[in-house]
Amino acid sequence: MNPNDADEGTPVSVKIRERITASRKRYNANDNIAQFIEPGELELLLDEVEEKMKGVLSSLVIDTERDHNTGNTARRVAKMYLNEVFKGRYVPAPTITEFPNAEHLNELMIVGPITVRSACSHHFCPVIGQIWIGVMPNEHTNVIGLSKYARLAEWIMGRPQIQEEAVVQLADLIQEKTQPDGLAIVMEASHFCMSWRGVKDMDSKMINSVMRGAFLKNPDLRREFLSLIPRKG
């Protein structure tokens, strides 16, 4: 459906939401909804978010018409949300070229640290940290380039997230793409919802992990992976 043929008075967010609801899918903060967005609608959604953001600034009693610092803030925030920090909700997964494991590699491989940036879905405050990925391949495992792990992580983290759920989503995606014997992911991140507000603790970090397959069953492999992660501190 061409969005120009639809009722011009209906906000584009409503049209997208109706498609998702009709498909009986959810649209939580950390869900990707790219398949429900028609060509040209992302630009319309940007305009809509900008207008809503102007209302937020007005309710904060900020004079955006006379304040030279905030005159274009609504547009900047809308672009930041849709095109940058929450981009993982609105674009399809990155194209990943997969190769057969021609050499029958079966040794532990670790990728990291991969720097990731997200935002907590409770306060929309930044979450910034690092991820380490351990893969135990088998002869049937698909091999992907090292940079592709970073692209997949960026796509998953580019949404309002809860760290525990984000790591599971990333593990599910890599498992689907590579089909390894074992998969391990560790994430360590600083949450600005703790340092910028609330308890204002600047040093706290959250560390969590997901272990699949051989990493879950074999404690020696799990210890080897964890011992090889060069975490600071």
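Q: Which residues line the largest cavity?
A: This is a predicted model, in which local features need pLDDT of at least 70, side-chain atom pairs count only at pLDDT 80 or more, and totals for chains, interfaces and linings use all residues. Residues are numbered from 1 along each chain as its sequence is written, while side-chain values use heavy atoms, with hydrogens and water left out. On a 1 Å grid over the protein atoms alone, a cavity is a set of points where a 1.4 Å probe fits but cannot get out, and lining residues have an atom within 4 Å of a point. For the largest cavity, the lining consists of S118, A119, V127, M157, Q161, I162, Q163, A166, M187 and H191.

Q: Which elements give two or more residues to the lining of the largest cavity?
A: Helices (H or I, at least four residues) and strands (E, at least two) are DSSP runs, numbered from the N terminus. Two or more residues of that lining come from each of strand 2, helix 6 (163–178) and strand 6.

Q: What is the volume of the largest cavity?
A: Grid points are joined across faces, edges and corners, and a volume is the space filled by probe spheres set on the points. The count comes to one cavity of 30 Å³ or more. Its volume is about 40 Å³.

Q: Which residues lie nearest the centre of the largest pocket?
A: A pocket, unlike a cavity, is an open set of points, with protein on both sides within 12 Å along at least five of seven lines. The largest pocket holds about 610 Å³ of space, and helix 3 (73–85), helix 4 (87–90), strand 2, strand 3 and helix 5 each supply at least two residues of its lining. Of the 31 lining residues, those nearest the centre are E84, V85, R117, E154 and G158.

Q: How far apart are the end C-alpha atoms of helix 5?
A: The expected span of a helix is 1.5 Å times one less than its number of residues. The 12 residues of helix 5 should therefore span 16 Å, and this agrees with the separation of its end C-alpha atoms, 17 Å.

Q: What is the order of the strands in the open sheet?
A: Two strands pair if DSSP finds at least two bridges between them. The open sheet has five strands with mixed pairing, in the order 5-2-3-6-7.

Q: Which strands are the edge strands?
A: Each edge strand pairs on one side only. They are strand 5 (160–161) and strand 7 (206–213).

Q: How many bridges join strand 2 and strand 3?
A: Strands of a sheet pair through backbone hydrogen bonds, either parallel or antiparallel. Strand 2 (residues 109–120) and strand 3 (residues 126–136) pair in the antiparallel sense. I114 has I131 as its bridge partner in strand 3, and T115 has Q130.

Q: Which strands does helix 5 touch?
A: Contact means heavy atoms within 4.5 Å. Axes are lines fitted to C-alpha atoms, for helices over the stretch in contact, and angles run from 0 to 180 degrees between N-to-C directions. Helix 5 (residues 146–157) packs on the sheet with its direction at about 20° to that of strand 2, and the strands it touches are strand 2, strand 3, strand 5 and strand 6 (182–191).

Q: Which residue of strand 5 is the bridge partner of A119?
A: Strand 2 and strand 5 run parallel and are joined by two bridges. In strand 5, A119 has as its partner P160.

Q: Which peptide bond is cis?
A: Most residues other than glycine have a negative phi, and most peptide bonds are trans. P113 lies in strand 2. With omega near 0°, the cis bond is the one from G112 to P113.

Q: What is the relative accessibility of V61?
A: V61 sits in the loop between helix 2 (41–59) and helix 3. Although not a glycine, V61 has a positive phi of about 60°. V61 counts as exposed because its relative accessibility is 74%.

How values were computed:
Buried < 20%, exposed > 50% of the residue type's maximum accessible area, 1.4 Å probe, protein only.
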